[in-house]
Amino acid sequence: MKYSVVVPTLNERGNIVRLLEAIEAALPGDYEVIVVDEHSPDGTLEVVREYAQTHPRVRGESNPGVRGLSPSIVHGFNLAAGEILCCMDGDLQHDAKDLAGLLRTAEEHDFVVGSRYVEGGGFAEKWNPCRVLVSRTATFLAHWLLGVQVRDPMSGFFAIRREAYLSVRERLNPRGFKIMLELLWLLKQTPGNWRVTEYGITFGLRHYGRSKLSGRVIWQYLTMLYTLRRQRQP
């Protein structure tokens, strides 16, 4: 199988069918879609499994381990059969129209970041000043503490080749929301000429539900930066 698209969800009942339809329209060919749900009380997983009954490339799974978006993504990647593993959010803020281009780019690279800050990238709406400040501060800390050389280290829309993922899987300690940054950091510490690039995406509007950003998420991010910084190779 060529592509595996993993979608972590928590209370995305209102968005998920629309997203799955968009993914399937964007990806002709050899692919699978794995939705990994974090025990959503709104019935997201049940909606996915009902949809999958008539769409055999889609399946719904429940995250059986540590709660959180990052553990859900890792669980999905471990179940995936594709040569290229992709992650995108379930809230429609990642546009499925960007998916084909991102995956084509991954055919020539080991890791592709769906970036809002390179050519072709941008935002569907203007962010409020508080959200801009949080995003810029988080990006600055990632650059300063980890030296990760991508323009958008806070993106959650990315693709990684199976070989690259397997090279770091045993060292993953996923917590919180930013698994992409941890994967980039571990690849940086792993011998090999890993090819990393960015592909411009448009960050869209949330149609249903609420943002998952909270004080707990910010604390998890800061804890992850501290932990990864301590693990830095000489």
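Me: How much accessible surface does the chain have, and what share of it belongs to carbon and sulfur atoms?
Reply: The areas come from the Shrake-Rupley method with a 1.4 Å probe, and for residues only the protein chains shown count as cover. The accessible surface of the chain comes to about 11,500 Å². The share belonging to carbon and sulfur atoms is 52%.

Me: What percentage of the 234 residues counts as buried?
Reply: This is a predicted model, with local features needing pLDDT of at least 70, side-chain atom pairs counting only at pLDDT 80 or more, and totals for chains, interfaces and linings using all residues. Residues are numbered from 1 along each chain as its sequence is written, and side-chain values use heavy atoms, leaving out hydrogens and water. Buried means under 20% relative accessible area, exposed over 50%, and partly exposed in between (1.4 Å probe, protein chains only). By that cut-off, the buried part of the 234 residues is 51%.

Me: Is strand β1 mostly covered or uncovered, and how many of its residues are buried?
Reply: Tyr3, Val5, Val7 and Thr9 point one way from β1, Ser4, Val6 and Pro8 point the other way, and all are buried. β1 (residues 3–9) is mostly covered, and its buried count is 7 of 7.

Me: What handedness does the unit made by β1, α1 and β2 have?
Reply: A crossover is right-handed if, with the strands pointing away from the viewer, the path from the first strand over the helix to the second runs clockwise. Here the path runs from β1 over helix α1 (residues 13–26) to β2. This β-α-β unit is right-handed.

Me: Why do the buried residues of helix α2 sit on the same side?
Reply: In α2 (residues 44–52), Thr44, Leu45, Val47, Val48, Tyr51 and Ala52 are buried. The arc is that of the directions from the helix axis to the C-beta atoms. They share a side of α2 because their arc covers only 160 degrees.

Me: Which residues is glycine 76 in contact with, leaving aside its neighbours within four places in sequence?
Reply: Glycine 76 belongs to helix α3 (residues 69–79) and is buried, with a relative accessible area of 0%. Its C-alpha atom is 5.8 Å from that of valine 6, 70 residues apart along the chain. Taking contact as heavy atoms within 4.5 Å, the partners are Val6, Ile34 and Val36.

Me: What is the phi of asparagine 11?
Reply: Most residues other than glycine have a negative phi. Asparagine 11 lies in the loop between β1 and α1 and is partly exposed, at 32% relative accessible area. Its phi is positive, at about 60 degrees.

Notes
Helix = DSSP H or I, 4+ residues; strand = E, 2+ residues; numbered from the N terminus.
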